[in-house]
Amino acid sequence: INKVIPNWGICIIIISLLVYGATYPLTLKSMLSMRKMQELQPKMAELREKYKNNPQKLNTEVVQLYKVHNINPLSGCLPMLLQMPVFISLYQVLWRTHNFQGAKFLWIKDLSEPDKLFVFSSNLPLIGNELNILPLFMVVVMFFQQKLSSKNMIVTDQAQQMQQKMMMFVMPVFIGAIFYRFASGLTLYFTVFYLLSTLTQYKMSKLNKVQ
């Protein structure tokens with residue numbers, strides 16, 4: 001790709017688009033499966049109440065419920081598992097190869113380092129002496145993704161609702177904190193990927209409204 005488009009930032013975006021495109025059918029299938037699981041929450045609550053003193057029978061009934069409705073509870077993990085080799089490879093390449101060192105993209109001066117939009121003369125709480133804007137943008141994208149995802153969820157009790165709200169804020173902040181010191185090239189890849197996932201989630205929410 002770089003031989004055709006000699007810009008490593010654009011190359012990373014294209015790789016993200018290609019990987020997402022390759023995993024899109026599984027991503028869509030996992031989202032549909034998760035929506036079906038949410039629709040079954042009332043029935044799940046009934047089963048938990050009915051067999052609360054018989055865990056073995058409860059497990060059997062839950063498995064049978066998934067089987068009847070053709071749901072695989074592990075399908076949501078497949079797209080992320082397929083991405084792990086790409087994540088590990090990009091991580092190693094961005095830190096070890098010389099190609100990305102000094103490679104510029106937009107405001108980023110070096111794709112092998114954090115984007116460093118601003119460098120301060122002294123350390124600030126939490127962020128240190130540099131402001132990396134790309135991880136913060138990724139946090140915003142993830143927040144909207146979580147928000148869209150929560151709209152498709154059927155909440156059966158107050159504790160689940162509180163947990164859902166907490167995850168909406170905690171998960172994006174947690175991921176953003178991890179990526180804050182990562183190479184900007186790696187953050188760029190996942191920002192584009194999460195942006196595409198958010199668009200798919202938005203499409204799913206519209207699909208729900210139509211149905």
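How many aromatic pairs does the count come to in this structure? The structure is a predicted model, in which local features need pLDDT of at least 70 and side-chain atom pairs count only at pLDDT 80 or more, while totals for chains, interfaces and linings use all residues. Residues are numbered from 1 along each chain as its sequence is written, and side-chain values use heavy atoms, with hydrogens and water left out.

The count comes to nine aromatic pairs, where rings of Phe, Tyr and Trp (its six-membered ring) pair if their centres lie within 6.5 Å, with planes under 30 degrees apart counted as stacked, over 60 as edge-to-face and the rest as tilted. Tyr 189 and Phe 190 form an edge-to-face pair, at 5.0 Å centre to centre and 85° between the planes. Tyr 189 is buried at a relative accessible area of 1%, and Phe 190 is buried at 5%; buried means under 20% relative accessible area, exposed over 50% and partly exposed in between (1.4 Å probe, protein chains only). Both residues belong to one aromatic cluster, together with Tyr 20, Tyr 24, Phe 179, Phe 182, Phe 193 and Tyr 194.

Charged side chains come next. The whole structure holds two salt bridges, each a side-chain nitrogen of Lys or Arg within 4 Å of a carboxyl oxygen of Asp or Glu. In one, Glu 130 meets Arg 181 at 3.1 Å, N to O. This pair links distant parts of the chain, 51 residues apart: Glu 130 lies in strand S2 (residues 128–131), and Arg 181 in the loop between helix H6 (158–179) and helix H7 (184–210). Helices (H or I, at least four residues) and strands (E, at least two) are DSSP runs, numbered from the N terminus. Glu 130 is buried, with a relative accessible area of 8%, whereas Arg 181 is partly exposed at 39%.
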